[in-house]
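Hi,

Here's the structure I promised to pass on.

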Amino acid sequence: MTSAKPRLAYIGLGLMGGPMARRLLSLEYPMRVFDVDAGRMAGLVKAGAVQTFSPIACAKGADVILINLPSQSAIEAVVFGEDGLLGSLSTESVVVDFSTVSPDFCRRIAERATDKTGSQWIDAPVSGGPSAAADGTLTIMMGGTQQAVKALRSLFTDIARQVTHVGKTGTGSVAKMIAQLIVGSNYAVLAEAVRLAEASGMNAALLPECVKFGHADGVLMQQLYPRIAAHDFTPRAYARQLLKDLEMVQEEARVAGTATPMSGQATQLFRLLIAAGHGDMDGTGIYRLYEGVENHHENRGGAQ
Amino acid sequence: MSNDAYGFVGLGAMGFPMVSKAVEAGLSVFVFDTSSAALEAVVARGAKRVGSAAAVADAAETVFVSLPDASIVEAVALGETGIIHGSRIKHYIDLSTTGPTMARTVADAMTRKGISTLDAPVSGGPIGVRNGSLAVMASGSEATLEKAKAFLTTFATTFVYLGPEVGKAQVLKLANNLLTATNMVIVGEALAFAEKGGVAPEDLFRIINAGSGRSWVSEVAYPKHVVTRQYDQNFRTELMHKDVTLCMQEAERMGVPMWLGSNVRQFWQFAMTQGMASEDCSRIAALIEGWAGISEDIVETAA
């Protein structure tokens, strides 16, 4: 793996995995791919990838196995399930998990895989969305051994403009989780800011301009707030996904023995939003909670 | 006009039955309210109507007020046609829940005019008045309390005197209301949780009320007004919000952190944005059940 490009296995070709795999193919990494949805593989095969039909087949002979999956149970199945990639791991292989998972889950699954096969495990959650994935401008935070991370430095800089080695395996997920705490809570904070601005009689859309270069300025104020002020709830990050992330924060904080009352409150508000049937709305839809309704009785369909 | 005449301003959910009780007991009561319907109703029962708060205090030595909020108390007590301008008044008793700050403001002004004051918020609700079982907590002039007792005992049985320092009774009352406002919400969450877990409300309350989780809310309010789906606690959501807000404002002045209390206030504020301001406060249970995805059908069946 010193000068020649490592042989890659890419498992999970969804919203993020698809463009990341395509980006690596364009840089001429040899790659085998697997996804439960064969349609997702077709486009990548055209771009030079080799299609496989199980995680174990995908990982066979690979130096680096890249995973990008939507849930912890999907990761569990891909690694340890029937025809799981575990069967193709060796002391020479490195697993890089780009998915967002709880640090606790990451540590447990990495330990199990490493104990059984002697492989390395790097948790490398990403931030930046599908367009940054396609452009190779993601932000990546990694946890893993110094040696494993160093060996893959050029692979990471090929897909990201910001690469941070946080510490041992699991710490990448800790950093990502804390980023989720901040972003998730800010959805709730910015939504109530928009509603308060409206209710107090100012043009809510002007706020980002008002606070530009001030202490309330920031990426979220300039990019997220305007969407809420425009009542644009087109899904980019599903509300239900934000809830899942925030619930993960609460669980990890409980395990770590620290209180998180602010993000805890945001978690409850997202739970309320999802209970009201808005799970498939963008996280900005949390604004809906603050719109209010005029008459409770009418909304109860006259049930008396 | 005899020395035994009493004055009363504010004939709302509490004031109306209070005056009715006093009149039924044979006391002479001069009354004023901005609602002529309420005035007519108590006059029909034997109360004597006058034209302003000041006129009430012209007619009686001992004057009670029972009003919805602090700013109204200030206007009625100290305003242009307020009680303070009355020629006969010697004792002023505020039965409202308006916070220690307003109680002190009014007491200071009254004292300068030679009027003794007592802040005497009550606990027990309109039902307590009708049953004659209200609890009165009082602070301020003990002489005023003694003067007021003949009137108050027509609907109250429990008296707790906290000493001459005006405002203490209001602090106590706000602490009590903080618990009621909190319990209303938290019992609602427990109910939704139990129902979604398949537990019948009747079973839930049987167990809660036999154990460490019980409160007036679980023993009386929910079984009577929520489990029956009558929602007839006769206390509006906006008043519950007012009480807990008042507590938060005083806590802010006093520098007392209210981690949970501030969230409880937010809850009631939120309930008001859901169109519930003038609904009975017990209806928040249905709001919480709705959020939990418990359908009206289940709720109606459970009733």
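Below is what turned up, starting with chain A and then moving to chain B.

Keep in mind that this is a predicted model. Where the two meet, domain 1 of chain A puts in 8 residues and domain 2 of chain A puts in 10. On the domain 1 side, that makes 4 nonpolar, 3 polar and 1 charged.

Now for the insides. The largest nonpolar core has 86 residues, and those touching the most other members are Ile11(A), Ala21(A), Val33(A), Ile65(A), Leu66(A), Phe270(A) and Ile286(A). Helix H9 (residues 171–199) of chain A supplies the largest share, with 10 residues. Both domains of chain A give residues to this core, so it lies between them.

Over in chain B, have a look at helix H4 (residues 70–78) and helix H5 (residues 100–112), which pack at an angle of about 5° with axes 10 Å apart. H4(B) and H5(B) are therefore roughly parallel to each other. H4(B) makes the contact through Ala70(B), Val73(B), Glu74(B), Ala77(B) and Leu78(B), while H5(B) uses Met102(B), Thr105(B), Val106(B) and Ala109(B). By class, that's 7 nonpolar, 1 polar and 1 charged residues.

Cheers

Methods
Residues are numbered from 1 along each chain as its sequence is written. Chains are lettered from A and ligands numbered from 1 in the order in which they are written. This is a predicted model: local features need pLDDT of at least 70, side-chain atom pairs count only at pLDDT 80 or more; totals for chains, interfaces and linings use all residues. Axes are lines fitted to C-alpha atoms, for helices over the stretch in contact, and angles run from 0 to 180 degrees between N-to-C directions. Helices (H or I, at least four residues) and strands (E, at least two) are DSSP runs, numbered from the N terminus. Angles under 35 degrees count as roughly parallel, over 145 as roughly antiparallel, 65 to 115 as roughly perpendicular and the rest as oblique. Two residues are in contact if their C-beta atoms, placed from the backbone, lie within 7 Å. Ala, Val, Leu, Ile, Met, Phe, Trp, Tyr, Cys and Pro count as nonpolar, Asp, Glu, Lys and Arg as charged, and the others, Gly among them, as polar. A nonpolar core is a set of buried Ala, Val, Leu, Ile, Met, Phe, Trp, Tyr and Cys residues joined through C-beta atoms within 7 Å. A residue is buried if 20 or more other C-beta atoms lie within 10 Å of its own, exposed if 12 or fewer, and partly exposed in between; C-beta atoms are placed from the backbone. Domain bounds come from an automatic or database domain assignment.
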